[in-house]
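Let's walk through this protein together, with the viewer open beside the text. Keep the sequence at hand too, and pick out residues as they come up.

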Amino acid sequence: MTTVAQPEGKTVDLRVGDVVEVRGQAEILATLDENGELESLPFMPEMLQYCGQRLTVYKIAHKTCDTLTRSGIRKMDNAVHLAGVRCDGCGHGGCQAACLIFWKTAWLRKVEKGEAATPPAPPAPDLLPLLTISSQRPTEDGSVAYRCQATELLRAAPEKLPIHDLGQFVQDVRTGNTTVGWAVRAFLVGVYNRLQGRLPRKLRPKGGKHWGYLVGRAPKKTPTVRTGLQPGDLVRIRSRAEIEPTLNADLLNRGMGFDAEMARMCGRTARVLRRLDHIVDERTGKMLHMKEPCIVLEGIVCEGAYNSVCPRAIPPYWREIWLDKIDSVTIPAQRLGRVDQAVKVAE
């Protein structure tokens, strides 16, 4: 379980589905250091709009995947994710990554059933300037570089969480992050992938490939295509057999990766949520402008099935060549006079 301190000094258990209230600005300011951080995790300008709101716990963020150095799963203390609360990038140059925000439990108060709403708290005038200054960092070339929860992740979660630490999976189940079946599968996949790097080469199944056994089949330069997909378009994620020929040996297409978590979603249909062409580079903090825009799909996020049930729910980035646009549906043929006519109706 994860706990949240109450004003009376008591602690209560937080589980998935609990309702919490984001504390007022003055209360949050009192928890932050001179860098606008608590336990090395920044409170970002994008989070201010939620002060005083009541929200539902989506996942207990007791661990997270390392997207900076790919070191695996790391331990996070005293944090949760709230349902539907993603960074809108307004304090970080309009970054489009839409990361699920981490909330330290000290910034939240659990709401008991039937409890009346808390009167609105006055704003803290010193908080926004602190967060604005803290959201940037100096660079040698004088360009703008940003600081956010993603760029500071290794400081906020410095401890690696090995796959043999079974306590992480027990906590996943107890807090409602996942089911027993998902936890067991994630553990077994993690053990398998770990053994692939430790067994003698001759004893490694499938040539030492990680679970999912993806193979990049592009002969030289990976192919690309622009179909002009726009928000609201309905698409089908192409099959694995169609996507593998677009990947190089490192499972990249024009520098963008395709992994086993994404392969699980092959064949699904979804609507385009947005086109993405600029995000903050987590390693450097600088804004990265993509030469080839990618697609984010509505309701499609990494489920952590093969990644220790990571609760971060990162939206995968899709190349247009991996998606088929569904322009129309065929209505059953209607007999009109002497012939049957198939009518196509635009979506």
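The model is predicted, so to speak of local features a pLDDT of at least 70 is needed, and side-chain atom pairs count only at pLDDT 80 or more, while totals for chains, interfaces and linings use all residues. Residues are numbered from 1 along each chain as its sequence is written, and side-chain values use heavy atoms, with hydrogens and water left out.

Start with the open sheet of five strands, whose order is β10-β9-β6-β3-β11 with antiparallel pairing. Strands here are DSSP runs of E with at least two residues, helices are runs of H or I with at least four, and both are numbered from the N terminus. Two strands count as paired if DSSP finds at least two bridges between them. Strands of a sheet pair through backbone hydrogen bonds, either parallel or antiparallel. At the edges are β10 (103–104) and β11 (108–110), each pairing on one side only.

Now follow the pairs across. β9 and β10 are joined in the antiparallel sense over two bridges, with V80 opposite W103 in β10. Between β6 and β9 there are three bridges, again antiparallel, and K59 stands opposite H81 in β9. β3 and β11 also pair in the antiparallel sense over three bridges, and here V22 faces L108 in β11.

What covers β9: one face or both? Both faces are covered, since A79 and H81 on one side and V80 and L82 on the other are all buried; buried means under 20% relative accessible area, against over 50% for exposed and in between for partly exposed (1.4 Å probe, protein chains only).

On a 1 Å grid over the protein atoms alone, a pocket is an open set of points with protein on both sides within 12 Å along at least five of seven lines, a cavity is a set where a 1.4 Å probe fits but cannot get out, and lining residues have an atom within 4 Å of a point. Grid points are joined across faces, edges and corners, and a volume is the space filled by probe spheres set on the points. The pocket has 16 lining residues, and V22, R23, G24, G52 and A121 lie nearest its centre. β3 and α1 (25–29) are the elements that give two or more residues to this lining.

Finally, look inside for the two cavities of 30 Å³ or more. The largest cavity has a volume of about 50 Å³, and its lining includes F43, H92, L131 and R147. The second largest cavity, of about 40 Å³, is lined by T224, V225, E292, P293, R319, E320 and I321.
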